[in-house]
Amino acid sequence: MASALKPAELESYREVLLKLRARLRGDLDQMTDEALRRDQPDSSGNLSNVPLHMADVGTENYDQEFTLSLIENEQVVLEQINDALVRVDSGSFGICDECGEPIAKPRLQAIPYAKYCIECAREMEKRG
Ligand SMILES: [Zn+2]
């Protein structure tokens with residue numbers, strides 16, 4: 001099945017993915033730093049590089065464990081982004097890896113590294 005995306009669209013997703021990856025890497029560095037140096041007084045209040053979901057959490061009190069689990073999640077996302085970039089190159093980007101149907105564009109816009117269409121993703125969640 002041919003990719004549902006035009007080359008120009010693929011390029012724009014590649015850019016989005018590269019930016020996302022750069023941002024995540026920045027976050028990872030920063031969070032690893034914070035998790036490893038908890039004894040340092042909270043100085044910065046600089047949240048510009050922190051993902052939104054972290055800014056929403058009471059920033060004072062999230063504990064080290066929570067930060068570390070976020071780092072784990074971000075590493076998973078990083079892997080998914082790398083995977084998606086490979087699929088951009090191979091031309092299978094935007095195609096569900098499970099059923100071979102095109103992934104809906106709103107989903108790709110929300111999660112540019114999505115590997116499965118929403119139906120398959122839901123199925124998998126149900127199955128665990
Ligand atoms: Zn699917």
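The secondary structure of the protein amounts to five helices and zero strands, and the order along the sequence reads α-α-α-α-α. The model described here is predicted. Of the 128 residues of the protein, 30% count as buried.

In general, two packed helices are described by the angle between their axes and the distance between the axes. Here, helix 1 spans residues 7–36 and helix 3 spans residues 64–90, and their axes come within 9 Å of each other, crossing at roughly 155°. Because of that angle, helix 1 runs roughly antiparallel to helix 3, the cut-off for this description being over 145 degrees. The crossing of the two helices is left-handed. Sorted by class, the residues in the contact of helix 1 with helix 3 are 17 nonpolar, five polar and six charged.

Leucine 36 belongs to helix 1 and counts as exposed, since its relative accessibility is 62% and the cut-off for exposed is over 50%. Valine 16 and glutamine 109 stand 93 residues apart in sequence, yet the C-alpha to C-alpha distance between them is 9.3 Å.

Attention now turns to the metal site. The zinc ion has four protein donors, namely the SG atoms of Cys96, Cys99, Cys117 and Cys120, which lie 2.2 to 2.3 Å from the ion. Angles of 105 to 114° are subtended by the four donor atoms around the zinc ion, and the arrangement is therefore tetrahedral. For reference, the ideal angle for four tetrahedral donors at a metal is 109.5 degrees. Along the chain, the donors of the zinc ion follow the spacing C-x2-C-x17-C-x2-C. Distant parts of the chain are linked in this way: cysteine 99 sits in the loop between helix 3 and helix 4 (105–110), while cysteine 120 sits in helix 5 (residues 118–127), 21 residues apart.

The two cysteines of this pair fall into separate accessibility classes. Cysteine 99 counts as partly exposed because its relative accessibility is 37%, whereas cysteine 120, at 11% relative accessibility, counts as buried. The cut-off that places cysteine 120 in the buried class is under 20% relative accessible area.

Alanine 121 is located in helix 5 and counts as buried, with a relative accessibility of 19%. Between alanine 104 and glycine 94, 10 residues apart in sequence, the C-alpha to C-alpha distance is 8.0 Å.

Terms used
Residues are numbered from 1 along each chain as its sequence is written. This is a predicted model: local features need pLDDT of at least 70, side-chain atom pairs count only at pLDDT 80 or more; totals for chains, interfaces and linings use all residues. Side-chain values use heavy atoms; hydrogens and water are left out. Axes are lines fitted to C-alpha atoms, for helices over the stretch in contact, and angles run from 0 to 180 degrees between N-to-C directions. Helices (H or I, at least four residues) and strands (E, at least two) are DSSP runs, numbered from the N terminus. Angles under 35 degrees count as roughly parallel, over 145 as roughly antiparallel, 65 to 115 as roughly perpendicular and the rest as oblique. A crossing is left-handed if the near helix is turned anticlockwise from the far one by less than a right angle, and right-handed if clockwise. Ala, Val, Leu, Ile, Met, Phe, Trp, Tyr, Cys and Pro count as nonpolar, Asp, Glu, Lys and Arg as charged, and the others, Gly among them, as polar. Donors are N, O and S atoms within 2.8 Å of the metal (3.2 Å for Na, K and Ca); water is not among the atoms, so sites may look incomplete. Four donors count as tetrahedral if all angles lie between 85 and 135 degrees; four count as square planar and six as octahedral if opposite donors are over 155 degrees apart and all others between 65 and 115; anything else is irregular. Buried means under 20% relative accessible area, exposed over 50%, partly exposed in between (1.4 Å probe, protein chains only).
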